[in-house]
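Here is a short report on a two-chain protein model. Start with the sequence and the structure, then read on.

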Amino acid sequence: MKKEVPLAITFISGLLLVLALFIPHKPFGNLEEIFNDWFIIVSGFTLLLGIDSLLGYNFHKIKRKDKDAPFALILILSFFITLAWGIIEILRTPEHNPFSPSSTFSLYFYNYIFIPLQSTMFAILSFFIASAAYRAFRAKEINSALLLVSAVLVMLGRVPLGQDAAPYVISVIFLIFAVYFYAESTGITETRTKLIYILVALIFVALIYPLGWVYFKKHIPEFADWLMNIPQMAGKRGIMIGIALGGIAMSIRIILGIERTYMK
Amino acid sequence: MTTIIWTWVAAFFTLAILSFLYKDNPLYKFAEHVYVGSSAAFTVLYVWVFDAYPKLVIGFKEKAGMQKYMLVIPLLLSLFIILRFIRPLSWLSRWSIAFTVGMAAGLGITGLTQGFLVPQVQASFLPLFVRGETVGQTVLLTMNNVIIVFGTIFTILYFYFSREHKGVLGVSSKVGVTILMLTFGASFGYTIMARISLLIGRIYFLLHNWLRLV
């Protein structure tokens, strides 16, 4: 009984929503809207489980006298202070909304604590991304070289200085490729393959002026846009179709009770 | 005066987070824990003000008849979640979780089909020859459509693991990887730009609002 009822609830709620899409008449017509409201209410309350877990974990740290106990206390205090501030503003403001522009919560907490913390936290990610890029973007293999080139071109195309910097950056990238192919050719004994490698190296040198100093100097923003709108779109579309198919398959498994991990 | 004090508070938190670039230190840990604690409370307030209160409390006040009494169901399901903290009755919380999972699955089928699958497939049905005003334009427009159509197909084929990637499937999945690399590279560059613009924003705040140097 303890397992069958939840499975039945999952089956009925999921199936009714699917039926509501195909039968847009009473009693199914506005079912999606009603269920959506219920879903928002109930899923809002599930947040309490997360809060319980967060506070419980930090209370436990204090109890254990862990070395991070003072920080755990700071976390708990900042949680309750923020919550109390918000509740006071709910009671105090005429709109009963701490997020209204006139509330002190919005004016001070949001603008001077929340926004600086959040945006700086995301801003420092740029350094870690750059460090990850240093490790990932090796021009040794064709695929990682493509990753490097497309990232550099998009970055150059999106900044005002990019147009001026593009010829130099493109020259350096092409020279690196030329040197790489030439260095590889020295280790090859077969004459035909060796000649192909040297030819590729020469093509890279030959392309520096027409591509770097003529085309990209003028058209790097348009090229970056093309890269974002055409090849990037194709790859993204393939990924999105894959996500949709996977999500639909998973949803069917959940509704039919094949996937039951949420019951644990 | 109040603004000056709050600007100093914001500058302190900004510098505390930036100090992590040197190494992990108590100042960073302090700011990090304040951020986690306050954003958890922020989310609770947000959910109450924009979701639970208008849908449940205002719903009870404003709705009439059957619609009003039907709100007892989500109220009960919400209360069942809290019963998770009372051990003998904790099994009732499964009902609420089952409801949210069922709803998410139902919305997953309808939402993903309507919002993702059909529009993306529809947008990929493009003509493979487009006549432009000039020969160059014709070549460019045709090439763009060919890249989008075949790029999408080859990307999907790369994720097809039911057969070994040999022969035609092998070649097409290799092209798929190439398209994926271009995609990831371009998205990566775009993400870096977004993060850098956030960093510029924070540095501008320090130099302009706090130190008043620029």
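## Overall shape of chain A

Chain A has a radius of gyration of 29 Å. A compact globule of 264 residues would come out near 18 Å. The C-alpha trace of chain A spans about 75 × 50 × 45 Å along its principal axes.

## Confidence

This is a predicted model. The mean pLDDT of chain A is 90. In that chain, 98% of residues reach 70 or more.

The highest mean, 96, belongs to helix 3 of chain A (residues 69-92). The lowest mean, 82, falls in helix 5 of chain A (residues 125-136).

## Secondary structure of chain A

Chain A is built from helices: nine of them, with zero strands. Read from the N terminus, the order is α-α-α-α-α-α-α-α-α.

## The interface between the chains

Interface size is often expressed as the accessible area lost when the parts come together. Between chain B and chain A, the buried area is about 10,200 Å². Carbon and sulfur atoms give 83% of that area.

Polar links also cross this interface. Eleven residue pairs are in polar contact between chain B and chain A, counting pairs with both residues at pLDDT 80 or more.

## Salt bridges

Side chains of opposite charge can pair when their charged atoms come close. Over all chains, the structure holds seven salt bridges. Two salt bridges are counted between chain B and chain A.

Which residues meet in a salt bridge at 3.3 Å, N to O? The partners are A:Asp37 and B:Lys55, joined through their side chains. This pair crosses between chains. A:Asp37 lies in helix 2 of chain A (residues 31-63), and B:Lys55 lies in helix 2 of chain B.

Technical notes:
Residues are numbered from 1 along each chain as its sequence is written. Chains are lettered from A and ligands numbered from 1 in the order in which they are written. Side-chain values use heavy atoms; hydrogens and water are left out. Buried area is the accessible area (1.4 Å probe) that two parts lose on being put together, summed over both. A salt bridge is a side-chain nitrogen of Lys or Arg within 4 Å of a carboxyl oxygen of Asp or Glu. A polar contact is a pair of N or O atoms within 3.5 Å; within protein, one must be able to donate a hydrogen and the other to accept it, and residues adjacent in sequence count only if both atoms are side-chain atoms. pLDDT is the predictor's confidence in each residue, from 0 to 100. Helices (H or I, at least four residues) and strands (E, at least two) are DSSP runs, numbered from the N terminus. The radius of gyration is taken over C-alpha atoms; the globule rule is 2.2 Å times the number of residues to the power 0.38.
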